[in-house]
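Hello,

Here is the structure I promised to pass on to you. Have a look at it first, and then read on for what turned up.

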Amino acid sequence: MSIAFKPDETFRDDYTYRNSLAAIRRFPFPFHQDQYMYSVNMEPHTKGPAGSVFENAFDIDEHYIAEMRDRAITLERDPGRCVSLPHMMDAEWDTLELIMESLSRDYPDMFTLARDGTRWTWTNKPLGIEQAFTFGDAATLPCPPFEYITRQTQGDFVIMDQRDNDLFADAGMITSQADWSLMFDAGMSFMEWHGPVPLAHELGVFERALKYLLMLQQGRPVRRLNWTMTINPRLDTSPETYPEWGPDRASVTPDNVGDKVHLRVELQALFRLPRSNGMLFSIRGYLASMNELATYPRWAKRLHRVLSTLPNELAEYKGLVRYKPTTLDWLSKFDDGEVLPAGTQPE
Amino acid sequence: MSSASLNVEIRRIRELAPGIREFSLSRTDGEDFPVYSGGSHIVLSLPLGDRPHRNPYSLLGDPTVRDTWRVAVRKQEESRGGSRWLHEQAREGMRIDISAPVNLFPLIRTGRRHILVAGGIGITPILSQARELARLGADFEVHYAYRGPEFGVFSNELEALAPGRVHHYVQSRREQIEFGSLLAGRPLGTHFYICGPAGMVAASMNAGKSLGWPESHLHSEQFLAPTGGEPFDVKLALSGKAFTVPSDLSLLEAIEQQGVDAPYLCRGGACGQCELEVLGAEGELIHHDLYLSADERASGKKIMPCVSRLKGGCLTLNL
């Protein structure tokens with residue numbers, strides 16, 4: 001297999017997660033310029049350059065096996081992280097089909113899908129799975145179709161039902177969220193679940209985004225990047241487990257910033273689903289420590305400038321306030337004031 | 001954003017009734033079609049003279065049959081060429097381009113009961129919706145109105161989907177749907193869907209509203225054919241083009257003919273995708289669409305170029 005997996009790394013307890021040099025280089029650094037502000041920064045989710053996180057519809061990387069194990073641990077502790085309302089069954093199958101088709105097309109050495117009418121056989125070599133089942137018959141899978149396939153795909157997933165000129169979060173597999181709760185948001189409309197986001201409502205960002213998404217076409221997915229920061233390479237930063245990770249925010253010192261503070265970038269993609277007319281929202285997260293990012297000084301300089309000009313409301317919302325000064329101090333060592341050209345690429 | 005296109009061959013043409021033809025389409029690349037949801041439509045690009053003419057038609061076949069898509073076309077009396085071409089020029093074996101499916105008339109999956117109403121050729125999206133509801137095992141009924149017995153072209157397919165739950169109304173027998181009684185006394189959670197002539201759609205919506213139905217439970221689909229009109233001048237501020245929209249083209253078609261890529265989806269005044277910003281209008285905007293609100297029309301700042309026009313001098317658009 002072409003990807004050298006790191007099956008033993010952990011996202012909790014001893015936090016052995018690290019990025020290889022190749023993984024740092026392909027990290028989707030999100031800041032084009034020295035200041036950050038919300039925008040409807042959506043673009044067609046078309047095939048990107050080979051090796052980039054945009055190469056394929058669903059990105060599989062060196063952390064795949066370890067991330068899937070972390071998801072299984074979280075689900076074991078809290079099965080409520082996977083939710084699907086009864087009217088979403090067609091959308092569940094749509095999602096399974098889209099992901100199986102995409103992975104087997106994009107990673108033929110790792111995933112294969114054999115179809116004989118509705119008799120399908122799915123092979124996932126990295127996880128050692130071979131499953132024969134009948135498409136459309138949930139009883140032939142070990143768990144419901146949406147849970148089945150998203151236990152085998154990196155990133156969090158929400159399926160939205162479209163009705164009343166709105167989108168409703170009626171299904172989700174959420175085990176690596178940046179401090180939001182599926183149990184809280186399930187069944188909410190687009191404006192409801194974006195309610196807590198500061199500043200963007202005043203800019204009309206969500207209104208424009210919703211109008212745009214309601215017209216999303218089959219076969220023409222779109223994507224955007226979003227970001228926040230996380231202390232320790234932890235995937236499960238949900239409100240439910242806040243007592244476990246919340247105190248980490250107070251643990252950042254000038255000595256451990258480089259290891260502990262992580263930039264967390266979400267590659268968010270939206271796909272119109274064919275049978276159900278629903279919409280799959282995939283949130284693929286990438287974590288890189290400050291040390292890893294600073295291997296490219298250009299990124300460290302830019303992040304220093306973005307954080308130092310970030311509006312307070314956004315710093316509060318993203319939960320950075322407590323450790324922002326320490327992080328800024330650390331990053332300032334890299335920032336010589338050089339004028340940086342627009343763009344996100346490493347040097 | 002204009003639509004992705006697929007090249008298809010017309011595999012089979014069936015004469016269903018006087019003025020109604022069904023077309024079966026297959027992909028020329030040998031691939032399967034994607035699945036679609038009940039109520040979806042595609043846009044056909046038809047070779048009329050030197051320009052493609054794009055018309056939307058609902059998909060009516062079984063979405064699980066992925067080697068064939070079916071549409072049915074009624075010959076419009078005042079056709080600008082599209083339906084006439086399909087009735088007079090189209091032959092089996094010809095190739096045309098079509099768009100990917102879009103659904104502006106989706107079923108509401110949280111609905112407890114569904115009432116579907118079709119008027120004439122409005123049966124096409126209703127048929128695919130009925131198919132989907134039957135597959136889901138949902139509680140639904142269909143009301144199908146047509147001019148005479150020979151025009152009930154999909155009666156047998158419907159009956160097979162919903163035995164005992166299809167009601168027929170034949171105009172030549174003076175049968176007519178009474179929307180007041182059809183919609184009265186329905187339990188909460190019932191959704192109503194109609195596709196048919198404008199007068200019929202309006203009558204049903206009025207009946208629903210006067211009976212206290214929430215608007216969110218009343219669904220209709222109606223594409224407007226672009227009507228001709230007086231020629232007018234257009235300036236495109238961003239692309240720097242200036243041209244005249246002739247009487248037999250829509251504003252959208254005239255823009256496309258200039259080689260400018262303008263967004264669209266339904267091309268029938270319903271979806272809102274082609275909305276353009278009006279920078280200046282010397283004359284009166286003639287809005288034919290079903291999308292803009294009264295306030296938006298009054299502002300004079302927006303136009304839906306697929307069906308709307310200017311009466312008077314020159315229109316300047318932010319495109």
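Which hand does the crossing of helix 11 of chain A and helix 13 of chain A have? The crossing is left-handed, a word used when the near helix is turned anticlockwise from the far one by less than a right angle, with clockwise counting as right-handed.

Before going further, please note that this is a predicted model, in which local features need pLDDT of at least 70 and side-chain atom pairs count only at pLDDT 80 or more, while totals for chains, interfaces and linings use all residues. Residues are numbered from 1 along each chain as its sequence is written, chains are lettered from A and ligands numbered from 1 in the order in which they are written, and side-chain values use heavy atoms, with hydrogens and water left out.

Back to the two helices (DSSP runs of H or I, at least four residues; strands are runs of E, at least two, and both are numbered from the N terminus). Helix 11 covers residues 297–308 of chain A and helix 13 covers residues 324–332 of chain A; their axes come within 9 Å and cross at roughly 145°. Axes here are lines fitted to C-alpha atoms over the stretch in contact, with angles from 0 to 180 degrees between N-to-C directions.

Now to where the chains meet. Chain B brings 27 residues to the contact and chain A brings 16 residues. The area buried between them is about 1,900 Å², with carbon and sulfur atoms giving 48%; this is the accessible area (1.4 Å probe) lost on putting the two parts together, summed over both.

Four salt bridges (a side-chain nitrogen of Lys or Arg within 4 Å of a carboxyl oxygen of Asp or Glu) cross the interface of chain B and chain A. One of them joins Asp90(A) to Arg135(B), whose closest N and O atoms are 2.9 Å apart. On the side of chain B that touches chain A, strand 7 (102–103) and helix 2 (123–136) of chain B each supply at least two residues. Helix 2 of chain B gives the most, with three residues.

Over all chains, the count comes to 46 salt bridges. Arg26(A) and Asp59(A) form a salt bridge, too, with their closest N and O atoms 2.9 Å apart.

Best wishes

Notes:
Contact = heavy atoms within 4.5 Å.
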